[in-house]
2 protein chains.
Amino acid sequence: MIVETLAVGTELLLGQTVNTNATTIGVRLADAGLDHFHQSVVGDNVERIAAAIRLAASRADALIITGGIGPTQDDLTRDALCAATGLSMVFDEDYAARLRQWWARRGREMPESNLRQAQRPEGATLIVNNKGTAPGLRLRVDDTWVFALPGVPAELIPMVENDVIPFLQRQGGGGDGVVVSRLLRTWGESESKVGEMLADLFEASTNPTVAFLASSGEIKIRLTAKAPSEAVAAELIAPVEAEVRRRMGPRVFGVDDDTIERVLLAMLEERGWTLGTAESATGGMVAARITDTPGASNVYRGSLVTYATELKRSLLGVAGRLIDEHGVVSEEVARVMAEHAGDVLGVDVVIAVTGSAGPDAQEKAAGTMIVAVATPEEVRARTLFMPGDRERVRTYTTTAALHLARLAVSGAGWTDDVVQRWTKPPSS
Amino acid sequence: MIVETLAVGTELLLGQTVNTNATTIGVRLADAGLDHFHQSVVGDNVERIAAAIRLAASRADALIITGGIGPTQDDLTRDALCAATGLSMVFDEDYAARLRQWWARRGREMPESNLRQAQRPEGATLIVNNKGTAPGLRLRVDDTWVFALPGVPAELIPMVENDVIPFLQRQGGGGDGVVVSRLLRTWGESESKVGEMLADLFEASTNPTVAFLASSGEIKIRLTAKAPSEAVAAELIAPVEAEVRRRMGPRVFGVDDDTIERVLLAMLEERGWTLGTAESATGGMVAARITDTPGASNVYRGSLVTYATELKRSLLGVAGRLIDEHGVVSEEVARVMAEHAGDVLGVDVVIAVTGSAGPDAQEKAAGTMIVAVATPEEVRARTLFMPGDRERVRTYTTTAALHLARLAVSGAGWTDDVVQRWTKPPSS
């Protein structure tokens, strides 16, 4: 079954809003085994919305429209549906009564403009919106099912998941089976290198398919199987996953919703170790990432962000002699930061970061970043050469520091092959 | 002149990549005064790309295609251009020689597949790509200019800015004048409230136009003027900007590329004050935001992230009695955190944050966040009631803390009207 999406909104064409709805719906359609061949955007203009609806009806089995069904004068999707189909607009008294009740329960008077939301093309079915006041609409245009849904993601996505996709599946869309995806999450290699390492699997695999997704330096390997049941899909995925893991080794840090920090915190909790951080060039980013995770307080205690050199002395007890001899952007200073922060914070494991984040060089070339990790067993330090601008250098170093901590806590080595991507200066 | 955009790539339809190129191009077209009525996405399929090109040629003066011009077998935009136009493919020996040189200079052998990039539909003009090896193409399809550009944003955007838009302007697109935009950046009110405060300006203004953009809680007011010259555009914008500033007061923190943290750091530098932070619930996010700014080290010294309660005692000297009496999520504790951190870090100004970020309540309801700011002149504290999930609570509180610090350092009051949005519990 071929499904097409159409986003309505001048703000999308002006670049004031990113069309993330199309992305989310794209993922949901792929997961449901529904084909998605066209995605379009038009502005708040009845004629152009109507033309887009007619075009989609000529080539797709279903069309999902997002946006343009709110209460204001520039919400034109309902009018365009009438224009595209020749249907007349009717007023839904029942829905109008529900709207009035919704406002009355909140002790407020309803602006009359809201009654636009009780209009619908004759014969259209209302789709319940549990998160807002604009109902969705479903109607048949020629041989195509057309859905008009709100543009607000929090309202839209539940309606797509709970109403539109199950409806299309009941019409026979997506076949009889299930589509199961499993995401293997890796850190430390480029997308092209991961692609090379798994090239033959990518070429040979049709079920499950193998795909690569890159975001913020993390490379995800997605295995997607179609099968009559979840159990059969899992059986198809298992041997390919095992082969990917064999080749990628400790670069794979988790699956699906795992984050490096969540995996690290779980490992620490299991070992009964507490965690702290000491940051200079990343200035709190490692701490912020760790504390993103609910429940981090079971393991994580705090951070000393010693951005100024004199705080490395006064707070962390890094000897002036050491700084004079090696500079603050050095493995020597990073090691001492990690060790002393353990004492000051009273923790078992410390991640310490110092470096030259740019844009200007500080002691070392911009992008030269040092990570040290102290555990009760040992202290390790490594120099990384991070490419890109200040923001990218800091973001990648934050993830790399969490990655190195995970390896250290698990007892895995920091061998060149698992941190290889950034261990050599860019000119070499 | 009507310009249309078409993104090519199955990964966009599957939702593996967000079409941010369309957003960026949308902004550039709007700035240049070029109309943008349709935006589409198709997958890596010659027939569907060709159909999309023919459709655009039937309704637009120009089409910008992004993606599908790389070296691999699934880069099909060149083939689709031939299919859509009936032109034959020719091989550009000059470009092939340049490609070979590019690889030779790097001491590497060129994969033969790269020669696909030297192919072009007969009569197409090559557009130089300074950031990569895939050149762009420009050709005339019926009465429409068609541009085929790379999908990689770092390559694409300079080509749009430096080549495509100036070319279209030379063809008479966007009129003779200039389009000048000025962004007024505000914090502390919702988009709908800002819209209400400026409703009459929004309705009445045609040149400059007034638009509202919301991102991460910040509301930007965009004034866009078309005029024969930059000076005239600035004259048109000035009185509207003055009126917006009069109504919005200290909620306006800057213009264009200003960030709250950059404005705060500049104010501190001017006063000769140094800055530190003491964070609990935001766990390093305030520090991370401040150190995002190059040159922050002129003013900013460091942070004590006291995530665990015992570190508030041992590092910050917050008396156990105070914690027992008021709890750690209290204005009393936030004040002492700010004052003592000033001593420990040796700084003039401290931003301190404590709170209950969620998902579970900690002492107070999730979303109850306390900000304190200590300056050499006074110590202030304020309780904020932040809506949304943990991530949103932490992100908004980080910006709110920087906003409150900016007001405190400038001597402006923390009156309810400038922080009003979050000063009342959600149920009241």
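**Notes on a two-chain model**

1. Helices (H or I, at least four residues) and strands (E, at least two) are DSSP runs, numbered from the N terminus. The bond joining G358(B) to P359(B) is a cis peptide bond, with omega about 5 degrees.

2. A word on the ground rules. This is a predicted model, in which local features need pLDDT of at least 70 and side-chain atom pairs count only at pLDDT 80 or more, while totals for chains, interfaces and linings use all residues. Residues are numbered from 1 along each chain as its sequence is written, chains are lettered from A and ligands numbered from 1 in the order in which they are written, and side-chain values use heavy atoms, with hydrogens and water left out.

3. Chain A has a cis bond to look at too. The peptide bond from N207(A) to P208(A) is cis, with omega near 10 degrees, and P208(A) lies in the loop between α8 (199–204) and β10 (209–215) of chain A. Another backbone point is D256(A), a residue other than glycine with a positive phi, near 50 degrees. D256(A) belongs to the loop between β12 (252–255) and α10 (260–271) of chain A. For background, most residues other than glycine have a negative phi, and most peptide bonds are trans.

4. How are the chains related? A rotation of 180 degrees with 0.0 Å of shift along its axis superposes chain A on chain B, with RMSD 0.2 Å (least squares on the C-alpha atoms of residues with pLDDT of at least 70 in both). The two copies are thus related as by a two-fold rotation axis.

5. Now the interface. Contact (heavy atoms within 4.5 Å) takes in 53 residues from chain A and 53 residues from chain B. The area buried between the chains is about 4300 Å², with carbon and sulfur atoms giving 58%; this is the accessible area (1.4 Å probe) lost on being put together, summed over both parts.

6. Strands meet here as well. Strand β2 (residues 35–42) of chain A pairs with strand β2 (residues 35–42) of chain B in the antiparallel sense, over 5 bridges (pairing needs at least two DSSP bridges). S40(A) stands opposite S40(B) in β2(B).

7. Finally, charges. Across the interface of chain A and chain B there are 4 salt bridges (a side-chain nitrogen of Lys or Arg within 4 Å of a carboxyl oxygen of Asp or Glu). The side chains of E310(A) and R301(B) form a salt bridge at 2.4 Å, N to O.

Notes. Buried area is the accessible area (1.4 Å probe) that two parts lose on being put together, summed over both.
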